[in-house]
Amino acid sequence: MSEDFELDTDDLTRRMDGAMANLKTEFASLRTGRASASMLEPVMVDAYGSMTPINQVGTVNVPEPRMVTINVWDKALVGKVEKAIRESGLGINPQLNGTIIMLPIPELNEERRRELGKVAGQYAEHARVSVRNVRRDGMDQIKKAKNDGMSEDDQKLWEQEVQEMTDAFIKKVDAALETKQEEIMQV
């Protein structure tokens with residue numbers, strides 16, 4: 001039976017990649033003092049009875065380094081989009097100009113930069129936990145196969161492969177965190 005065991009490393013890799021993709025999305029939402037359309041990605045608007053991403057109710061533009069504009073397509077949604085931005089925790093004060101919502105991006109002070117660095121660290125820790133959970137799932141599959149008759153040598157080889165994969169993804173998370181923290185602390 002041990003000859004039949006084949007750990008689905010592609011599935012484990014795909015799930016760890018998912019944790020990295022989620023981390024990148026969370027990092028994109030962190031304001032670094034420069035305008036970016038991606039900072040609005042996590043903001044959802046109550047439009048037509050369902051929660052909708054901002055980019056599906058209007059056009060998001062970055063006309064200058066410290067300004068993001070949203071041209072809302074439906075006049076009835078302008079107030080809801082403004083409310084969603086105010087309540088998003090981005091720390092931005094929207095300004096209305098007809099159906100266009102302007103978001104001036106203020107300079108970050110030292111205290112706010114440190115707070116954002118801590119938030120980035122929390123996001124990275126969530127990603128590490130996700131990667132470790134995938135590792136645990138892989139190790140559980142290996143233990144089950146061991147109980148079904150896999151040799152100890154095979155078990156050690158598979159466990160080593162899963163651990164190496166995990167270590168590689170944890171390094172990626174750490175590198176992404178370091179890059180993001182440098183970006184946040186840059187004046």
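The lining of the largest pocket consists of seven nonpolar, four polar and four charged residues (nonpolar being Ala, Val, Leu, Ile, Met, Phe, Trp, Tyr, Cys and Pro, charged being Asp, Glu, Lys and Arg, and polar the others, Gly among them). The model is a predicted one, in which local features need pLDDT of at least 70 and side-chain atom pairs pLDDT 80 or more, while totals for chains, interfaces and linings use all residues. Residues are numbered from 1 along each chain as its sequence is written, and side-chain values use heavy atoms, without hydrogens and water.

The largest pocket holds about 260 Å³ of space. A pocket is here an open set of points on a 1 Å grid over the protein atoms alone, where a 1.4 Å probe fits, with protein on both sides within 12 Å along at least five of seven lines; lining residues have an atom within 4 Å of a point. Ser 29, Leu 30, Gly 89, Leu 90 and Tyr 123 are the closest to the pocket centre among the 15 lining residues. Helix 1 (9–29) and helix 3 (110–147) are the elements that each give two or more residues to this lining, and helix 3 gives the most, with five.

The protein chain contains four helices and six strands, taken as DSSP runs (H or I, at least four residues, for helices; E, at least two, for strands) numbered from the N terminus. Their order along the sequence is α-β-β-β-β-α-β-β-α-α. The C-alpha atoms of the chain fill a box of roughly 70 × 40 × 20 Å along the principal axes. Just after helix 3, Gly 149 has a positive phi of about 115°.

Note on methods
Points joined across faces, edges and corners; volume = space filled by probe spheres on them.
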